Amino acid sequence: MNKKNLIGALVMAGMILLSLPLGAAHSAKALREDVEDEYYYDQTGYAIYEGLDARVAAAENLITVAERYEDADDGVEDAMERVEDYITMYENAYSWEEDHLERQVRANNGLSEAAEALSARLNALPITDRDAQAIREQLADMDSEQDKIQRSSYNDAARDYNEKLTHFPLSLFRGFLGIGDIPTFDGTP
Amino acid sequence: MKRLRRLSPVFLALALLLTAALPVWAAMPERPSNLYVLDEAGVLSDSTERTIIEENDTLFNATGAEIVVAAVDFLGGKEIDDYTYRLFNDWGVGSAERNNGLLLVLAIEEDNYYAQAGYGIEDYFDGAKLQKLLDENLEDAFAAGDYDTGVRKFFLAALSEMNSYYGSETGTPGLVVQEESSHGFGLAVLGWIVPMLVRVIIAIVLIAVVIAVVRAISRGGGGGYGGAGSGFWSGMLVGRMTSPRRQRWGAPPPPPPPPRPPRSPRPPRRSGGFGGYGGGRSSGGFSRGGSAPRPRSSGGISRGGGGFSRGGGSRGGGAGRR
């Protein structure tokens, strides 16, 4: 084989080898975009972000009720702050950021626990029947939205995507290309 | 005989599989023939059942909405929200057009209940509203074991809310169609006639313009094109439009090139290509409770007088006993 052919063969081989990770990255990106589309509009037309917004609104209503009893117990103020922290975490997870979904999942999971803790604190105090009913209704709203979020087809799509990342060729290049799993909102990987 | 002995483990495995699957199949009841109330637990009176059926008939015919009650003893090992979700979508509660069903499930021996709305009305019958309806109408009676009273109160309260939501369709002032119901008959007619008249006038004007243009062309136009040639353009236009054979202007087209000799066949391509990864979207579905909200009505599509067909769906959510 002469020198020119050798160089040509090497260049060709190099391009083929380069096309593997580039193609894998391109495919992964396209698949990820498909999954993220489900976050905005799943197979039933449900938008997870609207459910999350509704949960945050209910949590804020809970804080409004809790403010009436802030002075009655130190624990109420701490519990309120925890809820507010998770609300802020959710609101600061901007969609153009790479890890915004992971942060939203963390915020959403934390919000559930914090809201339950706050309502438990309030129910231990001598609160009015009207406020007790308001707390129950806000928690019911949060649980209702969480149920819909967990049933959204986004979660299945995310799991399918994560499963594909464990197969060749994506499994080979994901570490090198920094391709990570997409989080689910139903607590399963 | 030898063959039978060889196959017996297979039969045994099949039998075990079938018996293992039976509890799952047996867990979800079929939609009752009356469509609106299932009382497996035997806690509802005939009067309450009649009320539920009659009111639902009227409601469905008017709006497509349904308020269905299912009183069972046990949930077959399922969580009540999963059970309600599955039942809702299996039965197709509410109309397929509006997905406006509401299902109340009572699990008597499990001391629990849950209410869920279809996704067409879930914004109105959200978790907070359902919780309020349950707390104000069902909880006290349920806790006292007076299930019939609790269900009746809940049903009537939910019916009142549904009537409020649908307004004039049910003959009561409501929220959804309130704009139409607040106008008088005369205004409604005016609202229909005026746009129609405008369209008719525009159509007449357009037709008149076209007729005027065609007449002007057929008369040869005004002085726009000069004296001697006044009929030239009109004749060309009309001739081209009316002649069955179109005449081309300019030189005739060049003759077609001679046919090329056939190419030698290409060697077959090798399979390969690692750059692409075929990935279609997964079929999706729902992560809990099994079925996706593709509602199925029992016994085929049934239509009400208002032209609605059964088969509504739910996305989940709802409220239950706290």
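Visitor: What should I know before I start?

Guide: It's a predicted model, where local features need pLDDT of at least 70 and side-chain atom pairs count only at pLDDT 80 or more, while totals for chains, interfaces and linings use all residues. Residues are numbered from 1 along each chain as its sequence is written, chains are lettered from A and ligands numbered from 1 in the order in which they are written, and side-chain values use heavy atoms, with hydrogens and water left out.

Visitor: How many helices and strands are there in chain A?

Guide: First the general idea: helices (H or I, at least four residues) and strands (E, at least two) are DSSP runs, numbered from the N terminus. Chain A has 7 helices and 0 strands, so its elements read α-α-α-α-α-α-α from the N terminus on.

Visitor: And how much of chain A is buried?

Guide: Buried means under 20% relative accessible area, exposed means over 50%, and partly exposed is in between (1.4 Å probe, protein chains only). In chain A, buried residues make up 47% of the 189 residues. Accessible areas come from the Shrake-Rupley method with a 1.4 Å probe, and for residues only the protein chains shown count as cover. Chain A exposes about 9,700 Å², with 54% of that supplied by carbon and sulfur atoms.

Visitor: What do contacts tell me about chain A?

Guide: A contact means heavy atoms within 4.5 Å. Take the contacts in chain A between residues at least 6 apart in sequence: 75% of them join residues at least 24 apart.

Visitor: Over to chain B. How do its strands form a sheet?

Guide: Two strands pair if DSSP finds at least two bridges between them. Here 5 strands of chain B make an open sheet with mixed pairing, in the order β1-β2-β3-β4-β5. The edge strands, each pairing on one side only, are β1 (37–39) and β5 (319–320) of chain B.

Visitor: Which strands does β3(B) pair with?

Guide: On one hand, β3(B) pairs with strand β2 (residues 66–72) of chain B in the parallel sense, over 7 bridges. In that pairing, A70(B) stands opposite V105(B). The chain gets from β2(B) to β3(B) through helix α3 (residues 80–91) of chain B, in a right-handed β-α-β crossover. Right-handed means that, with the strands pointing away from the viewer, the path from the first strand over the helix to the second runs clockwise.

On the other hand, 6 bridges join β3(B) to strand β4 (residues 112–117) of chain B, and these two run antiparallel. L104(B) has A115(B) as its bridge partner in β4(B), and V105(B) has Y114(B). β3(B) and β4(B) form a hairpin with 4 residues between them, and D111(B) in the turn has a positive phi of about 55°.

Visitor: Is β3(B) mostly covered or mostly open?

Guide: Mostly covered: 7 of the 7 residues in β3(B) (residues 101–107) are buried. G101(B), L103(B), V105(B) and A107(B) point one way, while L102(B), L104(B) and L106(B) point the other way.

Visitor: Which pair crosses between chains?

Guide: That's E122(B) with K148(A), 3.5 Å apart at the closest N and O atoms. E122(B) sits in the loop between β4 and α4 (127–137) of chain B, and K148(A) in helix α5 (residues 129–151) of chain A. E122(B) is buried at 6% relative accessible area, and K148(A) counts as buried at 3%. Both belong to a network of salt bridges that also links E145(A) and R315(B).

Note on methods: A salt bridge is a side-chain nitrogen of Lys or Arg within 4 Å of a carboxyl oxygen of Asp or Glu.
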